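Good morning, and thank you for joining.

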Amino acid sequence: MTAVDPGTPRRRRARGRSRRRILPAPRVMLGTLVVGFFVAVLVVQAYINAEFTNDHVETEVGDQAGVPKTILGGGPIINTTGGQESTSRMPERTIALTFDDGPDPVWTERVLKVLSDNDAHGTFFVVGSQVARHPEITKKIVDGGNELGLHTFTHPNMQRLAPWRRELELSQTQVAIARATGVRTNLARFPYSSKNAAIDEVNWKIVKEAGDQGYLVVVNDLDSNDWQRPGVDKIVKDATPADGGSAIILFHDAGGDRSQTLAALARFIPEMKARGYRFTTVTEGLNLGIDQAAAAAAGRTESTEAISPLPLNAAAPSSDVWRGLAVIWTVGLADGLVLLIAALFVIVGALTVGRTALLLVLATGHARKRRKPGWKWGPPVSEPVSVIVPAYNEKEGIEAAVRSLAGGDYPEIEVVVVDDGSTDGTADLVERMRLPNVRVVRVPNGGKPNALNTGVALARHDLIVMVDGDTVFEEDSIRRLVQPFADPSVGAVAGNVKVGNRDSMVATWQHIEYVIGFNLDRRLYEILNCMPTVPGAIGAFRREALAQVGGVSDETLAEDTDVTMAMCRAGWRVVYEENAKAWTEAPATLEQLYRQRYRWSYGTMQAMWKHRRALLDSGPSGRFGRVGLPFLALFGVALPMLAPVVDIMLVYGLVFWELSETATAWLAMLALQMFTAAVAFRFDRESMKPLLRLPLQQFAYRQLMYLVLMQSATTALTGGRLRWHKLNRAGLTPRTPTPEAPLPGGSVAPVVDTWPPVQPEMPLPRTPMGRAVAPPAVPVQGGWSEHRPDDLPSAGSPPANGSGPVRAG
């Protein structure tokens with residue numbers, strides 16, 4: 001027995017298959033990472049912005065039976081550290097000004113200036129998230145001789161939080177202060193707290209929890225009520241203590257317009273100083289009281305001091321400083337990304353409204369012009385037409401497609417079916433039909449562009465129609481499709497592609513998309529003279545125009561977009577004929593849809609990159625480069641890629657903002673989309689019934705398209721290779737059974753009657769990658785320079801080991 005080297009290709013392939021079974025598909029991983037990232041950012045942002053509205057519901061004072069009476073009737077500084085249960089007051093004629101809810105980028109610095117001008121200090125109970133946003137202002141507070149206290153991280157009602165969350169609210173604020181200022185504080189004040197008399201059993205439990213963490217809880221003696229903006233006189237009156245008394249007074253340096261607070265302070269401080277009052281911070285006043293108590297107790301056997309003197313603005317541990325850095329960075333990242341999302345939301349809204357306005361104005365004008373009585377392209381076109389049908393494994397739909405093409409009402413139609421190395425008997429099915437105006441050409445699998453070029457080279461006529469092998473034409477489609485060639489400036493015509501299999505939800509969504517895309521977008525592009533794509537399902541070309549641009553290129557996966565852009569740059573008009581209809585089979589599953597759209601999106605990006613030099617050209621090429629490419633980049637790539645911010649803001653708003661306002665905004669966007677779709681359906685004389693499924697499309701189909709674009713962009717930016725994927729077809733009409741064996745004479749690339757004549761014995765030339773070219777070959781596009789761009793992302797090629805075709809019809 002021969003030992004198998006673990007490094008052999010067979011073993012490596014086996015390991016690769018095993019990994020693919022274990023690891024998720026790239027698009028699943030990408031989608032999961034993107035969604036997870038934005039969910040995490042929004043949750044963090046909601047947390048630091050205190051958007052969890054249930055946390056901010058004020059509660060009534062509850063049962064106070066379990067609260068010690070010494071606490072209820074004691075001073076505003078409550079000490080429960082080390083198991084104590086004591087309170088302290090400011091010494092006589094001592095006032096501690098306290099300020100809640102900051103730091104604020106506008107008002108805090110103005111409050112600091114008033115304090116400095118009046119040689120007074122204060123205690124600022126700061127919100128941790130605001131400290132993280134404004135660390136420089138927080139440092140100015142400390143540098144000015146003032147002190148800091150904790151007012152939680154997100155300003156919630158602590159009664160409505162779990163114990164772990166209450167601890168987190170304090171610790172996060174502490175480390176944010178440590179990073180911003182290098183100091184730590186022993187003081188805490190809870191949102192929605194007031195005086196000792198309002199402490200109930202629930203609050204008392206929270207006060208004791210804070211004491212276990214080493215904090216003194218500070219309430220107030222007097223509330224200035226400046227948050228109500230009652231006027232300067234009322235604020236001064238409410239803040240004034242009884243004559244000779246002391247007070248910890250509550251003010252605010254954030255939360256809205258604080259101009260009355262500033263005016264009241266500027267008057268209050270000098271007046272109280274004139275009456276013999278001094279202004280201290282809470283810690284300075286507490287230490288003064290401790291000193292006085294110690295002096296009064298001199299000579300006694302017992303000391304009556306409640307607590308030891310506390311340091312003012314003590315240095316923070318280095319561990320807190322580093323933890324604070326992580327907190328500040330997290331808040332900054334969340335704020336920055338949400339600001340970016342908000343800006344993108346505005347941009348998306350503006351682009352959406354602008355695009356809708358353009359579509360409705362220009363497309364409506366286009367439709368009215370075409371439907372005027374007597375309007376026509378010019379003299380009737382009756383020149384013979386060659387229809388090229390590239391086919392690879394199209395047995396499900398090829399018979400119906402060829403029959404519809406060969407049986408059109410146009411005077412002379414030649415159908416050339418180019419079998420691109422099919423393995424399912426596609427060519428045999430066409431030959432069995434024995435239609436007099438249909439020819440079959442068999443070539444080795446070389447890709448759709450090669451099959452199209454082969455068909456064009458073998459076609460007898462100068463008007464060329466290109467059709468996918470799964471597409472069914474209406475009887476008059478070819479006749480209507482070629483009428484625009486009455487205008488000699490027209491080089492190509494885009495037909496109207498219709499979805500034939502509308503029985504599933506996925507196909508119905510595509511039907512809506514096709515109707516809007518063809519009946520509005522292509523009208524707009526025609527008016528702007530920058531049509532980016534003649535669809536592969538139904539498009540007509542002048543042979544002269546194809547020859548001028550070098551035929552159909554295989555340099556991108558979107559060969560139809562590539563050749564259309566080349567024609568626009570060459571100065572040919574590309575127009576849309578709405579009455580030339582073709583019915584195609586759309587992907588019936590999300591998996592198949594994803595594969596198709598991934599290839600389309602990636603191919604379009606390749607084509608845009610290939611033709612980027614048009615931006616600097618002059619003449620028709622420059623016009624397309626400066627109008628068509630930016631328009632396609634903006635509305636075809638950027639807008640769809642940015643559109644997810646609408647869904648992100650919707651989810652964020654439904655969870656954290658006003659439900660009614662968010663729902664109203666979303667419904668307005670949906671109404672705009674419904675109106676646009678209704679206009680397109682009316683232009684196309686389609687039933688409006690499918691539009692009932694449009695709202696549901698917003699929650700499944702659009703998100704899949706987002707993922708497609710993101711993965712396509714990632715593939716393009718990383719230079720990844722993308723293979724063609726064959727879609728599974730069921731066929732729009734029943735087909736005849738496939739013969740058990742190929743019909744006689746089915747050799748590869750048989751001799752065919754062509755114009756110009758072909759030597760029967762001439763061997764078929766082969767390219768290095770195995771593509772077959774039936775002579776005489778149409779020249780391959782050389783782009784707009786003599787050299788093929790080396791930096792063009794690769795579209796992939798058939799594998800050299802003969803592992804099967806990589807081209808999809």
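This is a predicted model: local features need pLDDT of at least 70, side-chain atom pairs count only at pLDDT 80 or more; totals for chains, interfaces and linings use all residues.

Residues are numbered from 1 along each chain as its sequence is written, and side-chain values use heavy atoms, with hydrogens and water left out.

A nonpolar core here is a set of buried Ala, Val, Leu, Ile, Met, Phe, Trp, Tyr and Cys residues joined through side-chain atoms within 4.5 Å; buried means under 20% relative accessible area, with a 1.4 Å probe and protein chains only. The largest such core has 109 residues, and V387, V415, V465 and M567 have the most contacts inside it. Apart from it lies another core of 55 residues, including F99, V111, M158 and F279.

Contact means heavy atoms within 4.5 Å. Beyond its neighbours within four places in sequence, M567 is in contact with G491, A492, F541, A545, L546, V549, W572 and V574.

Helices are DSSP runs of H or I, at least four residues, numbered from the N terminus. Why is helix 19 described as largely enclosed by the rest of the structure? The reason is that 11 of the 11 residues of this helix, residues 559–569, are buried. Among them are E559, D560, R569 and M567. Just after helix 19, G571 takes a positive phi of about 100 degrees.

Finally, I478 lies in helix 16, residues 477–482, and is buried, with a relative accessible area of 3%. Leaving aside neighbours within four places in sequence, I478 is in contact with V385, V387, L405, Y410, I413 and F473.

Notes. Buried means under 20% relative accessible area, exposed over 50%, partly exposed in between (1.4 Å probe, protein chains only). Helices (H or I, at least four residues) and strands (E, at least two) are DSSP runs, numbered from the N terminus.
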